[in-house]
Amino acid sequence: MDRLLRGEKQPEIKEEIKKIDELFKKSYDLSSNFILFPVRHHSPVCSFHLEKVIEEYQPEAILIEGPKNAGHLIEYAVSDKTKTPFCIYLSYDDKLGKITEEKGKYRAFYPFLDYSPELTALRKGAEKGIYCEFIDLSYGEKLLNTPNPEQKNVENYEDDRVFLQSSYYKMLVEKMGCKNFNELWEMLFEIEGFHTETENFLKSLFYYCYYSRENTPHDELIYQGDIIREYYMAENIREAMKKYKKVLVVTGGIHTIELVNLITAEKLPSFKIENIKEEDSPSYLMPYSFEESDRNSGYESGMVFPFFYQKVWENINKNRKRPFEESVLRFIINTAGAVRKKQPLSISDEMQSYYMARGLGELREKKECGVFELIDGVKASFVKGEINSYHQPALKNLYRLLTGMEMGSIDPDCGVPPLVNDFFVKCKKFKISTTVSMKKETKLDIFNNESHREKSRFFHQMNFLKTDFCNYLKGQDSNTGKGRILLRETWEYRFFPGVQVALITNSAYGGTVEEACLSLIIKGISAEHSNARELSEKLLQANRMGLNSVYGIIFEKLIDIIGNDMDFLSVSDCFKNLCEVKTYNASFTGIDIPLLDKVIELNLNRMLTLIYTVISSKKEDEDNICDGIKLLYTYFIDSQNREDEEAFIQSMFSIYEDNSANTALSGAGSAVLFKKGRISLEEAMVKFNSYLNGSDISKKMSASFLKGFFKIAKDIVFVDDRMLHSLDEILKETDGDLFLEILPDLRYAFTYFLPFETDKIAKQVSSFYNMSGEELLYGDVFDQKQMERAADIDRYCSEKLDEWLLIKGEENGR
């Protein structure tokens, strides 16, 4: 750092350097009753020198920048049963609306990695029996005493923003020829810092923090809440100095600069802290991940590529002379191993990558090569073709390895809510990994395997609690007519810190995952529901989660609501959900639910009543109404209720005979009557042809009729091709503009067919033209160049005709 301070303007800053030196001597004097140790959060070399200072200074107390009300967690943070990465989860429940009128809930994280200086201090303190204490404001107090409203949305407790916002760092980046702050920091304070004596390292860091703070407006520090936090920390430090002869204080370097003056001042400035109730700002230990700790993932106080520095820290603890260079070599080897699965890579490529990294380190005047030389070396030797991290397996694997995917674990005795413990117990029971943050996929045979059904219920419960733990890919499908249940489910799941945050948030609702879901579903049922759809969805959720005890409550409310629901689509969706619940229980549990049959019967009668209200429905509702008609049709296939079935058929006759009925519904109604044998195919064809042979407006409706017809009776085209013949004849006579208007509904109508069925239809149509189905489907078509050439010719002819006044003459009647 000294070389940065020497230059043309050195005489002008001589006094300032003297002032900084005096401040530094006050903060770091091994014979003094206190030492202020400045750090950057999660710096392995800061931790390296901190260990040395603790050994040499032998403090009686170690005070650490951290939430004072989380002190009860220190013993668990240093426990052998706790593995990094982990964090302190901090929260504040603004019950009195002190922050905003919304009385919201706020949260933040205070992460720890193996090489975090704060954790190093705590561990060394525990090892030597030194008293350790957090001395900063609690999270809730920090929120209440920070003027900047944006701080309420920040989810990390620490803040390194001054490092990144000051103009000083930008000058250094430019002067040192670095790409960004991260490379500058590694060069000056990690690599250089490791090879520097402790006092010189601390002096360089002190200078950096001093100038960074000097280039930050004082009003900005007040606005961000830094000043009042420093007053509070200084007060706690001064109190500790009355009890202990030697006090070591570990804080972010930006705060160290001001704390020197505050501690040595005769009297602290007067200040007032707005306090909170401790129960409104609880804190817990919880697992964290390297991925969440990465600055590239949005954690503003983190280091980039945290797993790289984990390996550096391990090398430091092994007393390696060149810990960064050895880490670079290890990552080159690991990256090569991963890349070889996708692209050829030789030992020579690995050697060249290593030599490139070392050479770049020397060229950049670094004592060792670091992570940025590693990346450049891999780019130069492993990347074949365009440098693009998305398409290049080398860079993709390297970045993944540098970040790390492992997760930590916490001492089970540390006192998390029972809901969190229940989650981990269930994960262990179902053999769900919570030690890595990678996504995994699992398939569940819910028909044959009881344990898979239990696992399915657990996944649905976690989804209901909005934990983002799992994602339902496919399986149960209630849109198949009768609430048919597919026999297998596919889920994707991933454990990450946010899962535990969501569980802690929900812990007020129960001590187990099932209890929390039960409380929330009952709460949802108790709310006002305006239609049957909303309430039946609660029933469906409860059914998938295995919460059978709430059925009675939901059924009683449904009985009241269904009779007053005037929306056919709402009642139709309710019927679909009720059928799924019945099918599920009949298939998997064997439980007979008498009241369910009563509700289904009530819902059925309501649908048959309301169907007359949608005969002339709007086009935007026709697809959903047709779904409801298909649902009723498939339901009566197995039903013995002939009276209700006849009522349904009569409603279809009403749609069939009403010339003002919605066209898609007319198609669906015709299909139902044909399938039930109430009208012949000839009669259905007469209805269809009445659209095809009418006006242009009527022709537009033909595709909509076909869409409704095919939804229920698509198989007709395979036994009789008259419908296809009629459609083909009309389409040949339809002009281009009208055809384009018909096309969307026509395409939709044929989406009901499977690919092999489409092939069959193509063969049928091809026979009309004495062609093979293969020729029609896969024969030569115009390529793009031919189409462009044809368009050019068409344009040329049009211009010539216009020039000859032929087109104009026709328009004028000449």
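I count two strands as paired if DSSP finds at least two bridges between them. Strands (E, at least two residues) and helices (H or I, at least four) are DSSP runs, numbered from the N terminus. This is a predicted model, where local features need pLDDT of at least 70, side-chain atom pairs count only at pLDDT 80 or more, and totals for chains, interfaces and linings use all residues. Residues are numbered from 1 along each chain as its sequence is written, and side-chain values use heavy atoms, with hydrogens and water left out.

**Sheet.** I looked up strand S3 (residues 86–93), which pairs with S4 in the antiparallel sense over eight bridges. Asp-93 has Lys-105 in S4 as its bridge partner. The open sheet has three strands, ordered S4-S3-S7, with antiparallel pairing. S4 (105–112) and S7 (283–287) are the edge strands; each has a single partner strand, so one side of each lacks a neighbour in the sheet.

Is Phe-37 buried or exposed? Phe-37 is buried, at a relative accessible area of 0%. (Buried is under 20%, exposed over 50%, partly exposed in between, with a 1.4 Å probe and protein chains only.) Phe-37 sits in strand S1 (residues 34–39). I found Phe-37 and Tyr-288 to be 251 residues apart in sequence and 26 Å apart in space, C-alpha to C-alpha. Leaving out residues up to four places away in sequence, Phe-37 touches several residues, among them Cys-46, His-49 and Leu-202 (contact means heavy atoms within 4.5 Å).

**Helix residue.** I then checked Ile-347, which lies in helix H17 (residues 347–363). Ile-347 is exposed, with a relative accessible area of 55%.
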